[in-house]
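Please work through each task before reading its solution.

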Amino acid sequence: MHEQTSTAAEEIVSSARVVQDQAPDRFTVLIANAKGGCGKTTLATNLASGYAARHWPVSLLDMDPQQSADLWLQQRRRAGIDNIHGLTFPLESHTPVTQMRARIRDARDVLVIDSPAGLHGQALDQALQLSQVVLIPVLPSPIDIRAATRFLQTILLSPSYQRRPRRLAVIANRSRQRTRMYAQLNLFLNSLKIPFLTTLRDTQLYVQAVDQGKGIQELEDRRAEEDQRHWQTVMEWLEIQRQLIRSLPGFLHPR
Ligand SMILES: Nc1ncnc2c1ncn2[C@@H]1O[C@H](COP(=O)(O)OP(=O)(O)OP(=O)(O)O)[C@@H](O)[C@H]1O
Ligand SMILES: [Mg+2]
């Protein structure tokens, strides 16, 4: 979809910017949706712990003043697991992006960003500037579907996306697959020209994992096998994007 390579001139400019970047090889995934409660933090913590479970150096940046991702990280440390580097600072539209970049200077090879509800305008643009990939969780309800449509439009029209498209993908969350609402969500997601990666089940296993400071991919529980397969799909898609970005110099580096 957005794979078009940059022109030669653009690549020269991009390469120069990449040199300025503190960590050109870092892979940054933003989890975002303006709608509250759709699963942003759930996605962020499960993704970060998925990378940690695969022994990747990973940082989790909590940009939500509610600090739910950071609370999870604290719970994780109390449980004796300390393999995710935590960063917290609120997303404020008046903070220059250069300053934000400086704050994530120490982030590891993979950076997962949890963002607040209500993200729009300049703050959204700045979050996009830090990111290469955006994952958007959507719940199966009419309000959520409408909100997701608006949010996707906002991303597509944002200045930093217009300058350089980020990779976008949608994940259906908390779905009970046999419901009429899920059928409508499925129809909507498949109609988008944006990858629809998977459908995460509505299950207490996610809540239990949070209590333990873990992600679902770390649970040694046979009941979680189906959910772990869903996450495998997400991780595989992300790995393809990461490889693609690395193999095309200057392609999609945050700026
Ligand atoms: N797949 C799921 N199955 C069961 N519960 C879930 C699932 N996904 C999220 N939840 C629960 O739904 C609630 C909202 O999820 P979460 O906090 O991840 O949303 P959010 O988008 O980060 O919310 P906010 O906009 O307030 O930051 C949480 O209590 C979470 O445990
Ligand atoms: Mg949240």
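**Exercise 1.** State in which hand α2 passes α3, and classify the angle between them.

*Solution.* α2 passes α3 in a right-handed crossing, that is, with the near helix turned clockwise from the far one by less than a right angle. Helices are DSSP runs of H or I with at least four residues, and strands are runs of E with at least two, numbered from the N terminus. Next, the axes of α2 and α3 (residues 68-78) come within 9 Å and cross at roughly 40°.

The model is predicted: local features need pLDDT of at least 70, side-chain atom pairs count only at pLDDT 80 or more, and totals for chains, interfaces and linings use all residues. Residues are numbered from 1 along each chain as its sequence is written, while chains are lettered from A and ligands numbered from 1 in the order in which they are written.

**Exercise 2.** Determine the strand order of the open sheet and its edge strands.

*Solution.* The order of the seven strands is β3-β2-β4-β1-β5-β6-β7, with parallel pairing; two strands pair if DSSP finds at least two bridges between them. β3 (84-88) and β7 are the edge strands, each pairing on one side only.

**Exercise 3.** Describe how β2 pairs with β3, and β6 with β7.

*Solution.* Five bridges link β2 (residues 58-62) to β3, where Ile84 is the bridge partner of Val58. Four bridges join β6 (residues 167-175) to β7 (residues 196-201), and Ala172 has Thr199 as its bridge partner in β7.

Technical notes
Axes are lines fitted to C-alpha atoms, for helices over the stretch in contact, and angles run from 0 to 180 degrees between N-to-C directions. Angles under 35 degrees count as roughly parallel, over 145 as roughly antiparallel, 65 to 115 as roughly perpendicular and the rest as oblique.
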